[in-house]
Amino acid sequence: MNDWSDDDALMAALSEAVGEADEVTDRRREAAQAAFTWRSVDAELMELLHDSALEAGAAVRGAADPGRLLSFGRGELTIELEVGAGAVTGQVLPAQDATVTLQATGVEDRTVAADGAGFFRIEEVGSGPVRFVVTTSETNLTTAWVTL
Amino acid sequence: MDTSYPLQALVASAREGDQGAWNAIVERFLPLVCALVRRHRLSEADGDDVCQTVWLRLVEHLDTLREPDALPGWISTTTRNECLRLLAARKRMTPVDPMDSGSLEGVTADVSGVELVALEERHALREGLAELPAGRRELLLLLLADPPISYAEISERLDIPVGSIGPTRARALEQLRNTRAMRALASASLESEGERR
């Protein structure tokens, strides 16, 4: 901890602290404020179970690298995702009829149907924060947000 | 509601759906989030994305946040994790030369403990400043202005005698040292020193 008993030292520290706040861009401020519009009190959340980006040695890979693998789950239901170049493929487990909706900021929701085995594919997925809503005959679950 | 409200009250109102309270939370913590993002050396666009993900995650986390005092720690940890995840994900998407060992270092490029303490200190200083009465806060901000503002102009703007600027500055700084935010920082620092022994 710094010694801030000295007035000039404290002013210098304060100057740095205030300067840091001045570096915040309006773009980030507006995006942060707008995040609140995504508030949904009754959404049931699927927590992140796995993200291959966090695996040790993620940067070392062979030619057959499958892309980034993510999975989210709540109770029995899980959704596994593979993020490839521009597209996301995945599977809802246990395998069942379901729809998967991709939500991203600033664009319309996009919904695709999973086949009987739970497989689905969403094309033209850009970078940025996204989440997925899985709707089955019994439930409606939303994944945590993740940055692609 | 503005940033001078206690965090407890802001979190409670945001839970009720108050956008103004949410904006005040954003205003208080965005500099910390941005500073953390900057230290991870993401591209500007990726930095924007991580930043927004942190706030989206906080929106979904609001109702399960048991203790609003845990918010600074939650925001700091979430921001660092999201930065590291995106850095690692970006490395997957670019060709890697296995002979280039330097390319692996970025994967664990977390901020150092020393940097983290400095970031938390600057956050506490801003929080302390927000706790001060408006007049004293304004005086300190005018004294910090870059380029500097003369005492004569400060005197005119705040309608106080030039001779009282120095003594008021000293009182404002003493008050700052005794704000809740700064006392919390001092006790947290003592605790961590105790742990080290």
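Biologist: Over how many bridges do β4(A) and β7(A) pair?
Modeller: Strands here are DSSP runs of E with at least two residues; helices are runs of H or I with at least four, and both are numbered from the N terminus. Two strands pair if DSSP finds at least two bridges between them. β7(A) covers residues 119–122, and it runs antiparallel to β4(A). The number of bridges is four.

Biologist: What pLDDT do local features need?
Modeller: Residues are numbered from 1 along each chain as its sequence is written, while chains are lettered from A and ligands numbered from 1 in the order in which they are written. This is a predicted model: totals for chains, interfaces and linings use all residues, side-chain atom pairs count only at pLDDT 80 or more, and local features need pLDDT of at least 70.

Biologist: Which residue of β7(A) is the bridge partner of G90(A)?
Modeller: β4(A) spans residues 88–93. In β7(A), the partner of G90(A) is F120(A).

Biologist: Which residue stands opposite I79(A) in β4(A)?
Modeller: β3(A), residues 77–83, pairs with β4(A) in the antiparallel sense over six bridges. E82(A) stands opposite T89(A). Opposite I79(A) is V92(A).

Biologist: Which residue takes a positive phi in the hairpin of β2(A) and β3(A)?
Modeller: β2(A), residues 68–74, joins β3(A) by seven antiparallel bridges. L70(A) has L81(A) as its bridge partner. The hairpin has two residues between the strands, and the positive phi, near 60°, belongs to G75(A).

Biologist: What is the orientation of α1(B) and α2(B) to each other?
Modeller: The axes, lines fitted to C-alpha atoms over the stretch in contact, come within 7 Å. They cross at roughly 135°, on a scale from 0 to 180 degrees between N-to-C directions. Under 35 degrees counts as roughly parallel, over 145 as roughly antiparallel, 65 to 115 as roughly perpendicular and the rest as oblique. The two helices are therefore oblique.
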